[in-house]
Amino acid sequence: IGSRTNVAIHLVYKRDYLYPVNYLRNIALNAVSTPYVFLCDGDFLPNYNLYSLLKKAAKTLMNVPQKRALVVPAFEKLYPNMNFPSNKLSLLQQLEKKLIRSFHPLWKHGHFATNYELWEKTSDPYTVKWELYYEPYVMVKSNVVRYDQRFVGYGFNKASQIMELNAQGYEFVVLPNAFVIHIPHPPSTSRTNVELLRCVRRMFGDFIQSLIMRYGEQFLKFDTSDYSSKDQLVLGINRLFSMTKVRRPPDIGRNIDDPLKRNNGNKRKVIPKELTNDIMKDVDAANRKRRAIKKKRTVYNERKNTLIR
């Protein structure tokens, strides 16, 4: 890096205790002077020939009318002193030995849509469908929509931009030989800030609502053959709106085969029994927690009334 003359350094003053992650990303994006940009976090290392792979992909895969985001699969080291894989074959060997793993199983929604099983077997680029909370590292044209600077600290800061790319009709194409590897580090202190996470969750609901108002049905556009994905998306959005107490726009799901409306006009929402995904598990857990709190309040009030008497 010492021989390079195109490195830009920016000084940003911190206004409060929260890390302005999307503000910093936008500063970097606004300084880009190339037609394409690779959006990746600073705690990832690329494979040795990623630059040449991206340059080749820009010529062969980006020269199309369709808006595209080229996905670079992400992995993470399990041992700090392990050798960095020199190519895909070396990486696959370390995967088999469980020295590394896909990024990252504790929050599979973030990268699960990349389809790692297919990536391990193929030598050709392939298209994947966007899913709720998807946040891959991508190469896009440098005039890409900027990050929403309201997101600070931890939570939804990358997923919000990827969600807007999907709303704009982007196609996500996974590169077969490219990869980045996460370097372990202490977790962000913002992850344990309950008040911040509550605010970010509500803000994410506001963000989704604004996307629907701006992009309309395109945001909910799914292949009609992929019925389970539509179910998951509609249920996920309903869940987000219910959690954030944001009013659900009346046009959500009206022009797709919404499983929540198969009950002949009844007010009660009928959910298919076979739909047992993570979203519904989270909803069930939240309902159990609310019932437990309600029960405790009832017991407390009964004891309080007994003492007063």
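**V140 and its surroundings**

I started with the contacts of V140, where contact means heavy atoms within 4.5 Å. Setting aside neighbours within four places in sequence, V140 is in contact with P35, Y36, V37, L39, M62, R68, A69, L165 and Y170.

I noted the ground rules next. This is a predicted model, in which local features need pLDDT of at least 70 and side-chain atom pairs count only at pLDDT 80 or more, while totals for chains, interfaces and linings use all residues. Residues are numbered from 1 along each chain as its sequence is written, and side-chain values use heavy atoms, with hydrogens and water left out.

Buried means under 20% relative accessible area, exposed over 50%, and partly exposed in between, with a 1.4 Å probe and protein chains only. The largest core holds 58 residues, and L70, F75, L91, V140, M163, F172 and L175 touch the most other members. Helix α6 (residues 194–215) gives the largest share of this core, eight residues. I took helices (H or I, at least four residues) and strands (E, at least two) as DSSP runs, numbered from the N terminus.

**L165 and helix α5**

I moved on to L165, one of the contacts of V140. L165 is found in helix α5. L165 is buried, with a relative accessible area of 0%. Not counting residues up to four places away in sequence, L165 touches V140, V144, V145, Y170 and F172.

How many residues of α5 are buried? I found 11 of the 11, so α5 is largely enclosed by the rest of the structure. The cover over the buried residues of α5 includes α1 (21–30), β1 (36–39), β7, β8 and α6. G169 follows α5 and has a positive phi, near 90 degrees.

**Aromatic pairs**

I listed the ring pairs: rings of Phe, Tyr and Trp (its six-membered ring) pair if their centres lie within 6.5 Å, with planes under 30 degrees apart counted as stacked, over 60 as edge-to-face and the rest as tilted. The structure holds 12 aromatic pairs. Y134 and F172 are an edge-to-face pair, 6.0 Å centre to centre with 70 degrees between the planes. Y134 lies in the loop between β6 (126–128) and β7 (137–141) and F172 in strand β8 (residues 171–174), so this pair ties together parts 38 residues apart in sequence. Y134 counts as buried at 0% relative accessibility, and F172 counts as buried at 1%.

The rings of F151 and F204 have centres 6.4 Å apart and planes at 70 degrees, so I logged this pair as edge-to-face. F151 lies in the loop between β7 and α5 (157–167) and F204 in helix α6, so the pair ties together parts 53 residues apart in sequence. Both F151 and F204 are buried. Ring pairs link Y133, F151, F156, F204 and F207 into a cluster.

**Charges over rings**

I then searched for charges over rings (NZ of Lys or CZ of Arg within 6 Å of the ring centre and within 35 degrees of the ring normal). The charged end of R25 sits over the ring of Y147, 5.3 Å from its centre. The charged end of K88 sits over the ring of W119, 4.3 Å from its centre.

**Sheet**

I traced an open sheet of four strands, ordered β2-β9-β4-β5 with mixed pairing. Two strands pair if DSSP finds at least two bridges between them. The edge strands are β2 (44–46) and β5 (100–102), each pairing on one side only. Strand β4 (residues 74–77) and β5 pair in the antiparallel sense over three bridges. The bridge partner of F75 in β5 is S102.

**Loop residues**

Where is H111 found? I placed H111 in the loop between β5 and α4 (116–121). H111 counts as buried at 3% relative accessibility. N115 lies in the loop between β5 and α4 and is partly exposed, with a relative accessible area of 33%. Phi of N115 is positive, near 65 degrees, in a residue other than glycine. K98 also has a positive phi, near 60 degrees. K98 sits in the loop between α3 and β5 and is exposed, with a relative accessible area of 60%.

Notes. A nonpolar core is a set of buried Ala, Val, Leu, Ile, Met, Phe, Trp, Tyr and Cys residues joined through side-chain atoms within 4.5 Å.
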